[in-house]
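Start with the sheet, then follow the chain to the metal site. Keep the model open alongside the text.

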Amino acid sequence: MDHHPLEGMWYVPLVSAMVECIIEDDEIIVLQKQLGEWDNLNHLIVCKKTSEAAIIDPFSGKYWLDICQKNNWKLNQVWLSHTHWDHSKGVSELEDCEIWAHELEFERGWNGPSSHIWQHPPNTSASHKLGNLTFAIHCTPGHSPGHTTIIGHGFVNSGDCLFLGRCGRTDLFGGDIDSQRRSLIYLKEKLQEIPKNWLVLPGHQYPLQDGTNPTFLSVEQLLVGNEALMAVDDDDKWNGLNFLAFDDNMAEKARRQRAMNQ
Ligand SMILES: [Fe+2]
């Protein structure tokens, strides 16, 4: 065992040669792996007591089935933070699992497969079990209509709602800037209530303003350095953020989709 750089956390360096174990205690293992050409961070959650596992936002199903098979874990749940293709590409290889997504994702045209649906309103949470572990699934729309942020047992899986240094864009089809601001205000409050050494696990790795490029930060580190969270309570700062919308092909595609749906 090596000591984790963040106080109070320990990790086992390698479960396989290819994937990093970022949290391990008596109850839980959390693995992190970057997969795919869009550098998506995938996270596998394992209940140590029951060996049941859930994969969040699988880019590849086969990759995680192999890891689970090698470690005698039962991969029986998929949790989608949201349904953009780079977060849901692997589900087609995991149709024997329960596939969970929020029903508001249907508003952006998601048509599955998702065998199980979260239905709670925006900026509320629902309790969700994996083996003996219980997590809070927070509905945090803005980047997509049914985005979820998963909190419990030492981590916050923030998907594309909240990156480490900033937040996700709001100009894709189904995105909404005002919903994003409300979700970030809601989430900031939740982050202030949980232990400061829990890890925030985003959906993508982007460099921070200080030039570092971590794949996770503690809640404490995130709260003092995240540009979006620091701007949510101030209209001028919020309106000055330059990463909520972009002038690119994806924004153009979203404009066309909105026009078609009017
Ligand atoms: Fe996304």
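Two strands count as paired if DSSP finds at least two bridges between them. Helices (H or I, at least four residues) and strands (E, at least two) are DSSP runs, numbered from the N terminus. This is a predicted model: local features need pLDDT of at least 70, side-chain atom pairs count only at pLDDT 80 or more, and totals for chains, interfaces and linings use all residues. Residues are numbered from 1 along each chain as its sequence is written, and side-chain values use heavy atoms, with hydrogens and water left out.

E12 and E13 pair antiparallel over four bridges. Cys139 sits opposite Thr148 of E13. Both strands belong to an open, mixed sheet of six, ordered E11-E12-E13-E14-E15-E16.

Helix H3 (residues 177-193) lies across E11, E12, E13 and E14 (155-159), at about 5° to E13.

Now the iron ion. Its protein donors are His82 (NE2), His84 (ND1), His143 (NE2) and Asp160 (OD), 2.2 to 2.3 Å away. Donors are N, O and S atoms within 2.8 Å of the metal (3.2 Å for Na, K and Ca); water is not among the atoms, so sites may look incomplete. Along the chain the spacing reads H-x1-H-x58-H-x16-D. His82 lies in the loop between E8 (74-79) and H2 (85-88), and His143 in the loop between E12 (133-139) and E13 (148-152), so the pair ties together parts 61 residues apart in sequence.

Are these two histidines buried or exposed? His82 is buried, at 0% relative accessible area. His143 is buried too, at 3%. Buried means under 20% relative accessible area (1.4 Å probe, protein chains only).

Conventions: Buried < 20%, exposed > 50% of the residue type's maximum accessible area, 1.4 Å probe, protein only. Contact = heavy atoms within 4.5 Å. Axes fitted to C-alpha atoms, helices over the stretch in contact; angles between N-to-C directions.
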